[in-house]
Amino acid sequence: MKRFLLILAALSVSLISLFGNPTGSLQERLGAHIEYLASHDLAGRLAGSEGGKRAAEYVADAFAAVGIVPFRAEGYFHPFNDGSLRNVVGCLEGESSDTYV
C-alpha cells in the first residue's frame with residue numbers, strides 16, 4: 001500500500017509539473033515537489049497520519065492550481081477503508097465526453 005501511494009504521489013507530481021504554468025526547469029519543479037513530499041515535516045506521510053493528510057492537501061491544491069478537476073463531485077478526496085483513509089483523485093477530460101486521463 002505504501003509503495004502504491006508513493007507511486008501515485010510521484011505520478012501526480014509529474015502531471016502537475018508537466019501541465020502547470022512552469023517557472024524553472026522540469027527537474028527543478030519536480031525536485032521542489034519531491035523535496036516537500038519527502039520532507040521530515042510530513043513525518044513519513046503514513047496513511048491516515050497528520051503528515052499524510054497534509055501531503056494529500058498539497059497534491060489536491062497542486063491539482064487545482066493547474067486545472068486538474070476533481071473526479072468526484074464531492075472533491076478530490078476518495079475515501080476507502082470504511083472512510084478512515086482517502087486517495088487524491090483528479091481527472092483531465094479527454095477529447096470525447098467519455099474519455100478521462
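1. A residue counts as buried under 20% relative accessible area, exposed over 50% and partly exposed in between (1.4 Å probe, protein chains only). This is a predicted model, in which local features need pLDDT of at least 70 and side-chain atom pairs count only at pLDDT 80 or more, while totals for chains, interfaces and linings use all residues. Residues are numbered from 1 along each chain as its sequence is written, and side-chain values use heavy atoms, with hydrogens and water left out.

2. Helix 2 covers residues 26–37, twelve in number; helices are DSSP runs (H or I, at least four residues) numbered from the N terminus. From first C-alpha to last, helix 2 reaches 17 Å, close to the 16 Å expected at 1.5 Å a residue (1.5 Å times one less than the number of residues).

3. In helix 2, R29, H33 and L37 are buried. They lie on the same side of helix 2 because their arc around the axis is only 65 degrees, taken from the directions from the helix axis to the C-beta atoms. Q27, E28, I34 and E35 are exposed on the other side of helix 2.

4. There are two aromatic pairs in the structure (Phe, Tyr or Trp rings, the six-membered one for Trp, with centres within 6.5 Å; planes under 30 degrees apart are stacked, over 60 edge-to-face, the rest tilted). Y36 and Y58 form a tilted pair, 4.5 Å centre to centre with 35 degrees between the planes. Y36 is in helix 2 and Y58 in helix 3 (residues 50–65), so this pair ties together parts 22 residues apart in sequence. Y36 is partly exposed at 27% relative accessibility, and Y58 is partly exposed at 25%.

Conventions:
Helix = DSSP H or I, 4+ residues; strand = E, 2+ residues; numbered from the N terminus.
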